[in-house]
Amino acid sequence: YDEFINRENEIITGMVQRINKNHVYIDLGKTEGVLPPAEQIEGEVYEQGDRIKLYILEVKKTTKGPQIILSRSHPGLVKRLFELEVPEIQEGVVDIYAISREAGSRTKVAVYSKDENVDPVGACVGSKGARVKALVEELNGEKIDIIIWSKNPETFIANSLSPSKVISVETNEREKSAVVVVPDYQLSLAIGKEGQNARLAAKLTNWKIDIKPESEYNEGNLS
């Protein structure tokens, strides 16, 4: 317990030991941790002997001794993986502002740089995409969008809907809501499959986002 209590929110590599009633037990060396169903990545298959990276979610005392709860689906896992992969983040030159994640499917990461000569997205993507590729492999093909955080909410909201192009963003500060106009042909890209892109953008920015196609928006303004 003492060894692990200060390691909450850290990343650890463990080996899949056994699986019991959908709980995956992980060998962490001196002790074992548990990866409960709620913290697993949907669709990920765990087999005995697999080595995987995990996020230490919680260390707690129970009647049976200390219990280490691990996670593969927590956004913190993505954050820690970026810290391992990207020296600029370790050095504090590039910072992760926010992460929104639908584990196993897609994650959006907003980054910014304290040094104007450093491109934060380039640093996270790496040469020929090597750094982000390493992350995607570790997460079994989860898509990762890296976007630039901006103090300006309109810019941040437009960036957050990447890879879609955005024509304009109108914000209502009081309600923290925004109307985003996109080209008609980009509407489905902006919304994403089953609304995922828009949902992750809203979670990332903490704004309610209403996406409108250009033609509908123009009609509304003309009438």
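**The largest pocket**

The largest pocket has a volume of about 330 Å³. Seventeen residues, written here as 17, line this pocket, and E32, G65, P66, Q67 and I68 are the closest to its centre. The elements that give two or more residues to the lining are α1 (2-5), β3 (32-35), β4 (51-62) and β5 (65-71). The largest share, four residues, comes from β5. By type, the lining divides into seven nonpolar, six polar and four charged residues.

Please keep in mind that this is a predicted model, in which local features need pLDDT of at least 70 and side-chain atom pairs count only at pLDDT 80 or more, while totals for chains, interfaces and linings use all residues. Residues are numbered from 1 along each chain as its sequence is written, and side-chain values use heavy atoms, with hydrogens and water left out.

A word on terms. A pocket is an open set of points on a 1 Å grid over the protein atoms alone, where a 1.4 Å probe fits, with protein on both sides within 12 Å along at least five of seven lines; lining residues have an atom within 4 Å of a point. The volume is the space filled by probe spheres set on the points. Helices (H or I, at least four residues) and strands (E, at least two) are DSSP runs, numbered from the N terminus.

I52 lies in strand β4. I52 is buried, with a relative accessible area of 11%, where buried means under 20% with a 1.4 Å probe, protein chains only. Beyond its neighbours within four places in sequence, I52 is in contact (heavy atoms within 4.5 Å) with residues including I12, V16, Y46 and E138.

Strand β6 (residues 94-102) is largely enclosed by the rest of the structure, because seven of its nine residues are buried. With strand β7 (residues 106-113), β6 pairs in the antiparallel sense over eight bridges; pairing requires at least two bridges found by DSSP. I96 stands opposite V111 in β7. Three residues lie between the strands of this hairpin, in which G104 takes a positive phi near 90 degrees.

**A residue in helix α8**

Is N197, finally, buried or exposed? N197, in helix α8 (residues 196-205), is buried, with a relative accessible area of 0%. Its side chain makes a polar contact (N or O atoms within 3.5 Å, one able to donate a hydrogen and the other to accept it) with the side chain of K108, at 2.7 Å.

Terms used:
Buried < 20%, exposed > 50% of the residue type's maximum accessible area, 1.4 Å probe, protein only. Nonpolar A, V, L, I, M, F, W, Y, C, P; charged D, E, K, R; others polar.
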